[in-house]
Amino acid sequence: MLARVRHGYEKFLEAVVILLMAALAVEVTVGVIFRSIGHSLVWYDEIASILLAWLTFYGSALAAAKRAHIGCPEVVAMLPPGARVVLRLIAEVLVIAFFVLVAWVGWSVMDVLDTDHLVSLPGIPVSFVQSVLPISAVLIIAAELFTLPQVLIAARRERPSGDAAEAAAREATH
């Protein structure tokens, strides 16, 4: 059941990231075309930077859901299974605590930014643009929680012996 929910969650995040990538590509293409014919769009640069930031934050949530973020798996793999589980739990708690803080601060800032609007498009509030912080933080927390059981199961497994690991590495390179 959890695997199906996690898979659906990954597909949802993939759709969001693809949509943002397509929007950014279209926006940049339109901006370049208008600039090349001498009619630059006033809002082009501001919206492109916002779309890139959104793509980065939502892409980070997708990376978290796929467990594709930066880590040091080799160091953890060298530890005995009990220590690996404890270290993974500590790491997960720290990551989740950090993103709880990001979500809380991001949400707190929303009230302050509620009266500000974009320079080039004054109809769009800055709070809408900055909503990416608490939303993506919550999405990353959800991704971490969805993948936690799988991470703990992997941490409990024995690491392959040196000979088996070397054979697997040789096989992968040929």
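At 37% relative accessibility, P149 counts as partly exposed, because a residue must fall under 20% to be called buried and go over 50% to be called exposed. The structure described here is a predicted model, and P149 has its place in helix α6 of that model. Although P149 and L2 are 147 residues apart along the chain, their C-alpha atoms are separated by 9.3 Å.

Another residue of helix α6 is E144, and this residue is buried because its relative accessibility is 2%, where the cut-off for burial is under 20%. The side chain of E144 is joined to that of R67 by a polar contact of 2.9 Å. When residues up to four places away in sequence are not counted, E144 touches R67 together with A64, H69, E92, V95 and I96.

Helix α1 comprises residues 2-36, which makes 35 residues in total, and from its first C-alpha to its last it reaches 50 Å, a span close to the 51 Å expected at 1.5 Å a residue. Just after this helix, G38 takes a positive phi of about 85°. Several residues of α1 are buried, among them Y9, E10, L13, V17 and L20, and the elements that cover the buried residues of this helix include α2 (44-65) and α6 (132-156). R6, which lies in helix α1, is counted as buried because its relative accessible area is 18%. With residues up to four places away in sequence set aside, the residues that R6 touches are A65, F146, T147 and Q150.

The interior can also be described through its nonpolar residues, since in soluble globular proteins nonpolar side chains tend to be buried together. In this model the largest nonpolar core has 29 residues, and L13, W54 and Y58 are those with the most contacts inside it. Helices α1, α2, α4 (81-113), α5 (126-130) and α6 each supply at least two residues of this core, and α2 gives the most, with 11 residues. L13, one of the residues with the most contacts inside the core, is also listed among the buried residues of α1. For Y58, leaving aside its neighbours within four places in sequence, the residues in contact are V16, V17, L20, V132, I135 and L139; of these, V17 and L20 are among the buried residues of helix α1.

Key:
Residues are numbered from 1 along each chain as its sequence is written. This is a predicted model: local features need pLDDT of at least 70, side-chain atom pairs count only at pLDDT 80 or more; totals for chains, interfaces and linings use all residues. Side-chain values use heavy atoms; hydrogens and water are left out. Helices (H or I, at least four residues) and strands (E, at least two) are DSSP runs, numbered from the N terminus. The expected span of a helix is 1.5 Å times one less than its number of residues. Buried means under 20% relative accessible area, exposed over 50%, partly exposed in between (1.4 Å probe, protein chains only). Contact means heavy atoms within 4.5 Å. A nonpolar core is a set of buried Ala, Val, Leu, Ile, Met, Phe, Trp, Tyr and Cys residues joined through side-chain atoms within 4.5 Å. A polar contact is a pair of N or O atoms within 3.5 Å; within protein, one must be able to donate a hydrogen and the other to accept it, and residues adjacent in sequence count only if both atoms are side-chain atoms.
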